[in-house]
Each structure stands twice: as structure tokens, then as C-alpha cells.
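Hi,

Here is the structure I promised to pass on. Have a look at it first, and then read my notes below.

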Amino acid sequence: MDQRRRGVRGRGRTSGSAVAGGRGHTNQRSSRGGRGRSRGVGIGVQLPNYASTRASILSFGLSLVGFDLDRQDCREELSIRRFRSHYGIGPKAVQALVNDMLRYQKKSINMTALFIALYWLKLYPIEEVMAGTFNDSEEVCRKKSQEYAKRIQFLKKLKINFRDVDNSCEFLPVDVVHMKTQEFRCTPSTMWYSHKSNGPALAYEAVTDPVNGKIVWFNGPKPPTISDIEFLRGGKAGRKNEWDKSALYFHIPNNAKLVGDSAYGGQPDKVTTTNNQHNRKTKEMFARMKSFQETVFNRMKNFTVCSGTFRHGSGTDDKKKKHKMVAEAVAVLVEYDIENGHPLFEV
């Protein structure tokens, strides 16, 4: 069979890139490139735009990482597993993500660059590996992955907020997760040491709505040595006038109360902790709520950029800024996946 019809990712492949949201929102292929280099999807695969079907996004994403059209002739379940193993979320979630990026950012999308960013967040490979996978330079892979990670992070206010808390929700589980980093060499201190990861890390705070299964709060980073209750308050006990007004304490919906572990026992006006006075059903309900929160953290740590050791950043502030970018981007991606066929729990 002719190589062009099969869509093989070979050296003789015509250069191309997928652009969504351009004039008329039409599929485009550029003829740039030289020396046999290719920049984009294998020939024979339809380039998706903002109105693409889930199937076209699935096919496009698979083609970028070595699954040509012949290899895509398999069970859809297997194709989706392959897609998720490279990009972290499903094609339906990617479709919703693209639609919102176009709607709220008013900028076109290079679909290949978007998939490079998803691949980077999911697998967190070094640049040389990405250059080989996407047949482009290390510099392009670095710039595109961070550019589109920032664009995904931009959607946090849209996707993760208390506005979407279900009206019937009375309790919201809260917890803190630690994510590993390299040493903070510019500001070496024991404050970066995490007892959970047994090394340097950054801490993030999250809240989930147990009724609709949505992430409604994600905040950080903070040093992992800060206590969960201090994180919640935005300051130390007895100094309420100094507490950070952006802290969770000041944003909890009036109709709901947080549910947390014993670390939050010192703030009973905002957080309910399990105690011996609760009946069996209440204890089981609170335990299930806490498991929702752990599921969110596990979903996030399915992305290697959150579970592995974060290595980017030229100094303490830059490292924290870049880690915040990827952590919030991953939280946004997990939320899109929750809303598009991969809920936290079965209803």
C-alpha cells in the first residue's frame, strides 16, 4: 500500500500542522519544513479543528505518537487506552478543552502544539525524547509545551470554582497533597522537606464537591512543612487579622462546611472532623467524601509532571511559578476529564 495513503510517520512525510480557530476554522496543512523534517500529523489523518468529533481527535492524537491509520484499526477501547497513556485525558475531554480555549482565549490553536503540551504533562519526558517523538527541535518542544500549559492553566478560574457547587451540598471534603521537586538550591531549608515524599516538595490544597464530583478549589503552592490548618487559614492561630484573605477560610460557601481529617480539628467553625460521637452512617459518609479527594489527587498524580520529581525552574521563585503552572494545568485537565466521561465515582 502506498505510504501516503497509510499515514505512516516516515521521514518522507509531508510537513503539516493542525490549526484550529483560524479563518473559517478550516483544517490546514503548512508546507513548511525542509531536510526531510516533518512537523505535524501523519498523512491520511484528518486534521481536527474546534468543531472536530471525538473520533477525529482520537485519531489525530494517536497518529502523533506512532499509531498510523493501520494501527488504529482496532477496538476503540484499546485506542482510548493508548490515547490516555500518552495524553492523560480522553479525546472527549480534549474536544471540550479546545472549544473553551477558542471561546475564552480568542486565539487560534495549533493542535500539534497542544498535544505536545499534553504529552509533556502526562509523561514529563526530557526535551531530547520529545524532539524524537514529535520530529522537531528541542527548543520548539520546550516552548510549545510551556506555552500551551499556560493556556490550559488560564482556564482554572473557569473550571475550578465554588460557583458550581451543587445547591444540595452540605459538606465539602478538603485535603492537602505534596508534589516532589528537586532541591531548592537558592534557598536551602528544611521548610521544603516533605514527610510524605521524604524529600523536597510543594504543597497544594484542594476541595471537591461530593454531589457532582467536581473540583471546586485548588490552591498553592506552599512549603510542605506548613500545617494543613495553617494552609486553610492563610496564617497562624491567634493572628486572624494577619490571615491571607485569598486563603480557603474566606471563600467557603455559606451553605456548606468542609470535611477533613484530624489535622483540621482546631477550626471547628469551618471544618468537621470525624469523631466518636458520629453515628456509623455519618462516619461512612465522611470516609467516602475523603476518598473522593484522594481520587482527585491520584488522578493528578497519573500525570508524571505531578508524581515525578519536578526539575524545571532556575531559582526558588521561578521553580514555584513553573510548578504552579503545571499543577494548575493538570487540575484543569482532570476536571475536564471528570466532566467528559471519566467521573470520580459511579452515580
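One term before the rest: a residue is buried under 20% relative accessible area, exposed over 50%, and partly exposed in between, using a 1.4 Å probe and protein chains only. By that rule Glu-339, at 32% relative accessibility, is partly exposed.

Some housekeeping. What you have is a predicted model, in which local features need pLDDT of at least 70 and side-chain atom pairs count only at pLDDT 80 or more, while totals for chains, interfaces and linings use all residues. Residues are numbered from 1 along each chain as its sequence is written, and side-chain values use heavy atoms, with hydrogens and water left out.

Now the overall picture. The chain has 12 helices and eight strands (DSSP runs numbered from the N terminus: H or I of at least four residues for helices, E of at least two for strands). Of its 347 residues, 52% count as buried. Contact here means heavy atoms within 4.5 Å; among contacts between residues at least 6 apart in sequence, 66% join residues at least 24 apart.

Next, the inside. A nonpolar core is a set of buried Ala, Val, Leu, Ile, Met, Phe, Trp, Tyr and Cys residues joined through side-chain atoms within 4.5 Å. The largest one holds 68 residues, and Leu-114, Phe-115, Leu-121, Ile-152, Phe-218 and Val-305 touch the most other members. Helix α12 (residues 316-339) gives this core its largest share, 11 residues. There is also a second, separate core of 19 residues, with Cys-169 and Leu-248 among them. Back to Leu-121: beyond its neighbours within four places in sequence, its contacts include Ile-152, Phe-303 and Leu-333.

Then the charges. Side chains of opposite charge can pair when their charged atoms come close. Counting a salt bridge as a side-chain nitrogen of Lys or Arg within 4 Å of a carboxyl oxygen of Asp or Glu, the whole structure has 14.

Which residue forms a salt bridge with Lys-214? The partner is Glu-339, with the closest N and O atoms 2.4 Å apart. Lys-214 sits in strand β6 (residues 214-222) and Glu-339 in helix α12, so the pair ties together parts that are 125 residues apart in sequence. Lys-214 is buried, at 12% relative accessibility. Through shared partners, salt bridges join Lys-159, Lys-214, Glu-335 and Glu-339 into one network.

Cheers
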